[in-house]
Amino acid sequence: MSTPFPTGTILGYPRIGRRRELKRAIESFWRGEIDAAELESRAADLRRATRERLADLGLGRTDSSIPESFSYYDQVLDAAVTVGAVPAADLDGYFAFARGTAAQAPLEMTKWFDSNYHYLVPEIGPETEFRLASDRIVAEFEEARADGFLTRPVIVGPVTLLALAKPSAGAPEGFRPLARLAELLPVYAQLLERLAVSGAAWVQLDEPALVSESLGDTTAELRAAAGTAYAHLGRLEKRPQIFVAAPYASLDATLATLAGTPVEAIGLDLVRGAIPTELHDCTREALTTKTLIGGVIDGHNVWRGDLAAAFAKLGLLRELSPHVAVSTSTSLLHVPHDTGDEPQLDERLKSWLAFADQKVEQVATLATGLERGAVAIDGALAQASAALDDRLTAPGVRVPAVRERLAALRPSDFSRAPYAERVAAQDAALDLPALPTTTIGSFPQTGDIRRARAALAKGELDAAAYDEAMRNEIRHVVELQEDLGLDVLVHGEPERNDMVQYFAEGLDGFAVTVNGWVQSYGTRCTRPSILWGDVSRPAPLTVEWSRFAQSLTSKPMKGMLTGPVTILAWSFVRDDQPLGDTANQVALALRDEIADLEQAGIRIIQVDEPALRELLPLKRAAQPAYLDWSVGSFRLATGGAHPATQVHTHLCYSEFGVVIDAIRALDADVTSIEAARSRMEVVHDLERSGFDHGVGPGVYDIHSPRVPSVAELTELLRRAAAAVPERQLWVNPDCGLKTRGYDETVTSLRHMVQATRAVRQGADKIAV
Ligand SMILES: Nc1nc2c(c(=O)[nH]1)N[C@@H](CNc1ccc(C(=O)N[C@@H](CCC(=O)N[C@@H](CCC(=O)N[C@@H](CCC(=O)O)C(=O)O)C(=O)O)C(=O)O)cc1)CN2
Ligand code: MET
Ligand SMILES: [Zn+2]
């Protein structure tokens, strides 16, 4: 018996909780304050509240329209645990893969497609045994049933799971996890059978790997794997109907492959991708029997958008199949819960926005339109269009002074003096030792710091007392670095709630939220800012903190800024003009900040661009244009710096191979880069690309509380020194220290300085 696909659905919903209930519960569990049973009961409460909420917002209780998209930490880890690729017996075992233990390194973590969400990378080799090792997905479906819901289980699909995995340590050279597809499919088959027995009418398999041209496997290989996988799963006797979702970009030719399999429904991202026009007759024929789910509501951004245009896309989709449903383009994981939780937001701005709950309502509206015709939703479409028009003319959206400054830019604004001239000027100004040691910027964000900021927000602490508390923190951080013997110091960034939100709060053109939390990884969240208007800098942002920090030491104090690409990547950015134009507005604000930092006596300025790789388009054809504007905006931000000012940049969370030329084109004097987890592999990429500027390949992973030994650090530094000429090499951790505690931080940095001294002396014996 087949039940039709629901007319309206979403691909997934935020799971951290409206007030980060899940974060608090999990972190309490980690601290030993609550036991596993209590954590599970709180998680179940959250899932219940989510289902009720989604039903209230207009999704059906018993028509499979509510997705079961919960996770304690990460959906890729969940899929890997489900199929036995990652052996986690219980919650402790599960979290051990995410966070590591004394005995076990955590799994690597990396970016989920072009988002600020990070997944854990399973390791799969020729010998990995697959088996249905966890029935959590089935249990959550049954939990919903017991409450009177018929929901739709969601799991990362087999092709994406393998495409995102990396070869296990022992795998032979050239091995790809995708080669294990045939052995993996029976486990997915078993899971589908279990779900069918429990009464699931539909299951959603997420296959975003099928849209990406930036993975280790080629598009042709992924397409072939999809054909194999869904032919196999489609043939099963006992299974729910299968919905394959392909978010984040267009499926291109892989749509034809999926159309040729027995799956009942295919999801298309119609925000990033277009409706395919050039289709073979046999594909057209096959598609008429499928339900096509149009992802027309943007799951990746917060604009209310053009609802009438979204509805029109569904009309076009109906030309391909009589069975059309409406959905979000991606899971709503990437957006906050509810604009209703932001009473302080300007009402006019709020009328332009849709967070997750508002997007669910938009889906419900369009579903009504599909069922009853456009006239039934006329009013809602008109209201959305009016909000869109209002955005065009509202004050602040287009500021003549900002536009004139951009229009007047000349090519020379994007370049500094030749590198050799800069090196000479900087050597004279800075007087640094060989292999200078430094850190990436933040020091531990202690509970005291966060509580002080919360007290300031509540009015329990006045601005003067707050500033004094932050100055005390800076004094402490500077003293500590002097004591450790670091060469280039930082102020530690205690005054920053987040490296993007802090800048957004000080710039015109941005709004910030109070409760707009979005999961970045595990229990870590950010409140992405909303970049809605033309950007300018009403007053300096960081100068007084840096001036104060420099006054405490004779060593160089790094000024610390977040770069334009990263500010865009980690905010919700206006969609009414090219990203490159917006990036250049941010760049000009940073350019002025750099000039002011120089005036204040700051000789080294770091402009972080950890998101440079993240925004790289998934489709190759779009990549050159992206690299052009992103590199350009960084060069515009830093192009006004004096030759004697040493410009640093920092990148992390990425494979750098694909953007190595872009990194070189940034023309920063020194680039610090994540390298510890890949054991310095990146230095070979740098070497091959002829990178001749300063470089600090990270010597230890800051994501784990593990303290690296002096011997281990010395070994990594020697590897780096073998590939990078000594005059270029810097020594630093992989990233900022804000998520770490002081104990491990102090010991790790002490070991780093000791290892550096050993390598500087070329000593064979290391003093510990
Ligand atoms: N935007 C962004 N994206 C990024 C990164 C980043 O740093 N920023 N780093 C990479 C990894 N992602 C990360 C994302 C978040 C965090 C992180 O530490 N987040 C903190 C929150 C940071 C924050 O906004 N802090 C605020 C609010 C802190 C808070 O929770 N306060 C309490 C009250 C204080 C208390 O009792 O502790 C509350 O509001 O309830 C502040 O310091 O002011 C967390 O989840 O815990 C780290 C890395 C990639 N993407
Ligand atoms: C995610 S990159 C972080 C860079 C920032 N300067 C820090 O140290 O925290
Ligand atoms: Zn970093």
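Domain bounds in this tour come from an automatic or database domain assignment. The structure is a predicted model, in which local features need pLDDT of at least 70, side-chain atom pairs count only at pLDDT 80 or more, and totals for chains, interfaces and linings use all residues. Residues are numbered from 1 along each chain as its sequence is written, while chains are lettered from A and ligands numbered from 1 in the order in which they are written.

**Stop 1: the two domains**

Select residues 21-393 for domain 1 and residues 424-760 for domain 2. The C-alpha centres of domain 1 and domain 2 are 33 Å apart. Where the domains meet, 37 residues of domain 1 are in contact with 33 residues of domain 2; two residues are in contact if their C-beta atoms, placed from the backbone, lie within 7 Å. Next, highlight α1 (21-30) and β2 (108-111), the elements that give two or more residues to the side of domain 1 that touches domain 2. Helices (H or I, at least four residues) and strands (E, at least two) are DSSP runs, numbered from the N terminus. Strand β2 supplies the largest share of that side, four residues. Coloured by class, the side of domain 1 that touches domain 2 shows 17 nonpolar, nine polar and eleven charged residues. Here Ala, Val, Leu, Ile, Met, Phe, Trp, Tyr, Cys and Pro count as nonpolar, Asp, Glu, Lys and Arg as charged, and the others, Gly among them, as polar.

**Stop 2: helix α13**

Select residues 356-372, the 17 residues of α13. From its first C-alpha to its last, the helix reaches 24 Å, close to the 24 Å expected at 1.5 Å a residue; the expected span is 1.5 Å times one less than the number of residues. Is α13 mostly covered or mostly uncovered? It is mostly covered, with 13 of its 17 residues buried. A residue is buried if 20 or more other C-beta atoms lie within 10 Å of its own, exposed if 12 or fewer, and partly exposed in between, with C-beta atoms placed from the backbone. Gly373 follows α13 and has a positive phi, near 95°.

**Stop 3: ligand 1**

Select ligand 1 and the 21 residues that surround it, of which the closest are Ala454, Asn497, Ser520, Arg524 and Thr526. A residue is near a molecule if its C-beta atom, placed from the backbone, lies within 6 Å of it. The elements that give two or more residues to this shell are α17 (447-458), β13 (518-521) and β14 (524-526). Helix α17 gives the largest share, five residues. By class, the shell has seven nonpolar, seven polar and seven charged residues.

**Stop 4**

**Stop 5: two residues with positive phi**

Asp667 is in the loop between α24 (660-666) and β20 (670-673). Its phi is near 60°, a positive value in a residue other than glycine. Asp667 counts as buried because it has 21 C-beta neighbours inside 10 Å. Then select Met680, in the loop between β20 and α25 (681-688). Phi of Met680 is near 75°, again positive in a residue other than glycine. Met680 has 22 C-beta neighbours inside 10 Å and therefore counts as buried.

**Stop 6: confidence**

Finally, colour the model by pLDDT, the predictor's confidence in each residue, from 0 to 100. The protein averages a pLDDT of 96, and 99% of the residues score at least 70. Over residues 763-768, pLDDT stays under 50. For the complex, the predictor gives an ipTM of 0.99 and a pTM of 0.96.
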